[in-house]
Amino acid sequence: NDTMKMISKIVPIMQSIKEEDDTTRLLFAIRPFLSEKRQKKLDEATKMLKMMKLLPLLKDFNLIDKLF
C-alpha cells in the first residue's frame, strides 16, 4: 500500500522531467547561437533544471533529511 502511494507520486514527476517547459524551450532555441563552450554550460543548466524538479519528491519522502 505504501509502495503504491510512493509510485503514484513518483510517476508524474518522472514524466514531467521529460517534458519541455517554457524555460527549456527558450534555452534550446538560443543554443545554436552560442559557442561550443557556452552550449555545454547550457546543457548542464538544463540538466540542473530537471534535477530541481525532483526536489519536491525528495522533500515529500523525507529523503533530504536522510541524505544530510
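What is the mean pLDDT of the protein chain, and what percentage of its residues reach 70 or more? In this predicted model, the mean is 82, and 88% of the residues reach 70 or more. Confidence is highest in helix α3, at a mean of 92, and lowest in helix α5 (residues 63-67), at a mean of 61.

The protein chain contains five helices and zero strands, and its pattern along the sequence reads α-α-α-α-α. Of the 68 residues in the chain, 13% are buried. The accessible surface of the protein chain amounts to about 6,000 Å². Carbon and sulfur atoms account for 62% of this surface.

Residue Q39 belongs to helix α3, which spans residues 36-52. The relative accessible area of Q39 is 18%; Q39 is therefore classed as buried, the limit being under 20%. A polar atom of the Q39 side chain lies 3.3 Å from the backbone oxygen of L34. When residues up to four places away in sequence are not counted, Q39 touches R31, P32 and L34.

Residue V11 is located in helix α1, which covers residues 2-18. With a relative accessibility of 37%, V11 counts as partly exposed, because this value falls between the 20% limit for buried residues and the 50% limit for exposed ones. Together with M4 and I7, V11 makes a nonpolar surface patch of about 270 Å².

Key. Residues are numbered from 1 along each chain as its sequence is written. This is a predicted model: local features need pLDDT of at least 70, side-chain atom pairs count only at pLDDT 80 or more; totals for chains, interfaces and linings use all residues. Side-chain values use heavy atoms; hydrogens and water are left out. Helices (H or I, at least four residues) and strands (E, at least two) are DSSP runs, numbered from the N terminus. Buried means under 20% relative accessible area, exposed over 50%, partly exposed in between (1.4 Å probe, protein chains only). A polar contact is a pair of N or O atoms within 3.5 Å; within protein, one must be able to donate a hydrogen and the other to accept it, and residues adjacent in sequence count only if both atoms are side-chain atoms. Contact means heavy atoms within 4.5 Å. Patches are made of residues with over 30% relative accessible area and no salt bridge: like charges are joined within 9 Å, nonpolar side chains (Val, Leu, Ile, Met, Phe, Trp, Tyr) within 5 Å. Accessible areas come from the Shrake-Rupley method with a 1.4 Å probe; for residues, only the protein chains shown count as cover. A salt bridge is a side-chain nitrogen of Lys or Arg within 4 Å of a carboxyl oxygen of Asp or Glu. pLDDT is the predictor's confidence in each residue, from 0 to 100.
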